[in-house]
Amino acid sequence: MRKLFLIAFFLLLIIPLYAEAFILDYYSVIMNVDDERSMTIKEDFSLEYTVPSHGFYRDIQYRFRDGVTADVDILWTSEDVLEEDNGEYISVRFGDPDKRVIGGPYEYDMKYTYSLGADPYPDYDEIYYNIVSSGAWDTVIERLVFSVTLPHPVSRDRIWLTAGPYGSEMEIPFNLSEDGCTISGRYSGLPAGYSVTLRVEMEEGYFSEAVPRFNFRTLSFWLSLSLSVMVAALVLFVWWRWGRDEKLVFPVSYNPPEGLTPMDAAFIYKGAADNSAVSAMLIYWADKGIIEITDNGDDDFVFTRLSDIPEGAGDAEKRLFNAFFASSDSVDTKSLRILGFASKLQGVRKAESEYFTGERSLSSPSSVRLRKRVMLLLIIPVILHAFISTLTLPLFMSVFVLFPSLMAYLVLRSQAGAIERKMRGSGFRFSYIAAPSAFLLFIWFFIVSALSPYDLTYTRTVIETAVFLISLMVSMLASASIDRRSEYADKVLSSVLGYREFIEKVEKDRIEKLSKEDPQFFYHVLSYAMALDTEDEWVRAFSGMYVEPARWYHGDDVADIYILSSFSRRWNHAYSSVIAPQPRGGGARTTRGSSGFSGGGFSGGGGRSW
């Protein structure tokens, strides 16, 4: 055991304290700065390779997180090199791909210009430069020598030279020439990953010929916001101009819509054959003598078939009738669950939707085509946003914007139609968009978290991502609402709305007269009142009047029309709690500058082996 410990201890001692394949024995940086705030930099390297390598890369960073970019121009190198640009760094490759080296020292030299243009501060000028970048050299730098010559004298008390890991404010000594123009210094044994940063503050106008450089971060921010707002506004305009229905004028109708069952009327009025439409069909069949309903209380109903529905009934009505009485002439609410009524009901709703297609389509063909095109074209601003938002970031970061944005697009596209249909039927409710909103909040958090380490302007990232996602939701909902009625829809909807107007605002003397002529008149209309969500108004119209009990409804209080009118709500409750109960559990339902710190300035990057 002691031997194993000694071996492990020995291995720890011989493991190098650096991860690169070389040690930087000597690193010299000679910099000359002109009145344009442009730097001419000469660098000398002396490397000792600890692992066989072809050579090393000198990475010169020119794009930064706050949108500032530098112009880099390689003037000369001590040997033939390969230059590569990855969108954030210029990489200069020293070495021979056909030969490996080890040991050393191996010496390399290079010279380049590095131009930042004017700084953004209105009351002072500065040079803030990482002579050695934080985390850029993953190896020890045994000897660092530097010299920075400025075009005009500077004050010693406005010079800060710091060293250490990123954020360190530990100052190290430096020399200032007698003319106050040259700052020089040295550092021995700089650990891997440490930086050496020089910050010099001057009076405003020191760099008299410096020209402000274009800030891509500001451009990308305003481009992103403008794109999001313009897309949402454009889609809303398309919906307003070509996608919405004109106001429908209809006369009051005293007869049910010709050729339409309550379920048909509900689909035309609300865009869906919901549970209220199913309960309305039960009353409809009972009123026509096809079935009987027995009310045992506590949402326990028994439905008994007396005859078949007429031959001319539509496919959806036949499917619904067979879903009730496929195995027996008498069923109760509990047996409907065992017989899989809920799954059969999906087929009924599909058949009802298919019925209103072709010549009976409720949407004009031109609006359907326009809706599909707009929803498809919304993929373009999604891709453009991903590109714009990463103009100032490393290229690989576009993945962390594009993929989540595409996911948001796909989710909203799949949900927008259903949300629009719900809003059309009952107006806007936050619950309709709760699940998509929660998903978009997750996407927002993911994108902001992914970009924030690479983007100093955190607030801008938060704002532009939020505006983009809100714009996407608004655009999707607006495009899903592009659904202008067809001529057939105008005709049938006019008859449905006319009959609904009669039910909702019927006059007392009229129903008294009609009830005397037909004692069962209340029940003839009740099924359509249920389907069109006006059963309460219909019952109130008969308040204080005697209504003959329904011959087909059995149970306690059969003479109470309020009990019968509540059948729709009780059926909905029985369906959701007994016939098709939902699983329990969580989840959604539908001034002047400071002294500076190490690693905080602009940077010439680092190096790595290959």
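# Exercises on strands, helices and backbone

Strand S2 (residues 38-53) runs antiparallel to strand S7 (residues 101-115), and 12 bridges pair the two. Strands here are DSSP runs of E with at least two residues, and helices are runs of H or I with at least four, both numbered from the N terminus. Two strands count as paired if DSSP finds at least two bridges between them.

The model is predicted, so local features need pLDDT of at least 70 and side-chain atom pairs count only at pLDDT 80 or more, while totals for chains, interfaces and linings use all residues. Numbering starts from 1 along each chain as its sequence is written, and side-chain values use heavy atoms, with hydrogens and water left out.

**Exercise A. The S2 and S7 region**

Find the residue in S7 that stands opposite Thr-40. Then state the strand order of the open sheet of 7 strands, and say which strands stand at its edges.

Solution. Start with the pair. Thr-40 faces Thr-113 in S7. Next, read the sheet across: S4-S7-S2-S1-S9-S12-S11, with mixed pairing. Its edges are strand S4 (71-77) and strand S11 (175-176). Each has a single partner strand, so one side of each lacks a neighbour in the sheet.

Now check the backbone. S7 holds Pro-105. The peptide bond between Gly-104 and Pro-105 is cis, with omega about 5°. Then move to the loop between strand S1 (22-33) and S2, where Arg-37 sits. Arg-37 is not a glycine, yet its phi is positive, about 60°.

**Exercise B. Strand S3**

How many residues of strand S3 (residues 55-61) are buried? Which strands pair with S3?

Solution. Take burial, where buried means under 20% relative accessible area, exposed over 50% and partly exposed in between, with a 1.4 Å probe and protein chains only. In S3, 7 of 7 residues are buried.

Then list the partners. S3 pairs with strand S6 (residues 89-95) in the antiparallel sense, over 7 bridges. Phe-56 stands opposite Phe-94 in that pairing. S3 also runs antiparallel to strand S19 (residues 606-609), joined by 4 bridges. There, Asp-59 is opposite Gly-606.

**Exercise C. A sheet with helices across it**

Give the order of the open sheet of 4 strands. Then name a helix that lies across S14 and strand S15 (301-305).

Solution. The order is S16-S15-S14-S17, and the pairing is mixed. Strand S16 (330-332) and strand S17 (553-555) are the edge strands, pairing on one side only. On average, neighbouring strands are turned by 20° against each other, direction ignored.

Look at one pairing. Strand S14 (residues 291-295) runs parallel to S17, with 3 bridges. Ile-293 has Tyr-553 as its bridge partner in S17.

Helix H4 (residues 275-287) lies across S14 and S15, at about 120° to S14. H5 lies across S14, S15 and S16, at about 115° to S15.

**Exercise D. H5 against H7**

At what angle do helix H5 (residues 315-325) and helix H7 (residues 341-355) pack, and how far apart are their axes?

Solution. Axes are lines fitted to C-alpha atoms, for helices over the stretch in contact, and angles run from 0 to 180 degrees between N-to-C directions. The angle is about 170°, with the axes 8 Å apart.

Next, the contact itself, meaning heavy atoms within 4.5 Å. H5 residues including Asp-315, Arg-319 and Phe-324 meet H7 residues including Phe-341, Lys-344 and Glu-352. The contact residues divide into 8 nonpolar, 1 polar and 4 charged. Here Ala, Val, Leu, Ile, Met, Phe, Trp, Tyr, Cys and Pro are nonpolar, Asp, Glu, Lys and Arg are charged, and the others, Gly among them, are polar.

Then find side-chain partners of Glu-201.

Solution. Glu-201 lies in strand S13 (residues 195-203).

Asp-533 belongs to the loop between helix H15 (521-531) and helix H16 (535-541). Its phi is positive, near 60°, in a residue other than glycine.

Finish with polar contacts: N or O pairs within 3.5 Å, where within protein one atom must be able to donate a hydrogen and the other to accept it, and residues adjacent in sequence count only if both atoms are side-chain atoms. The Glu-201 side chain reaches that of Arg-158 at 2.7 Å, and that of Arg-199 at 3.1 Å.
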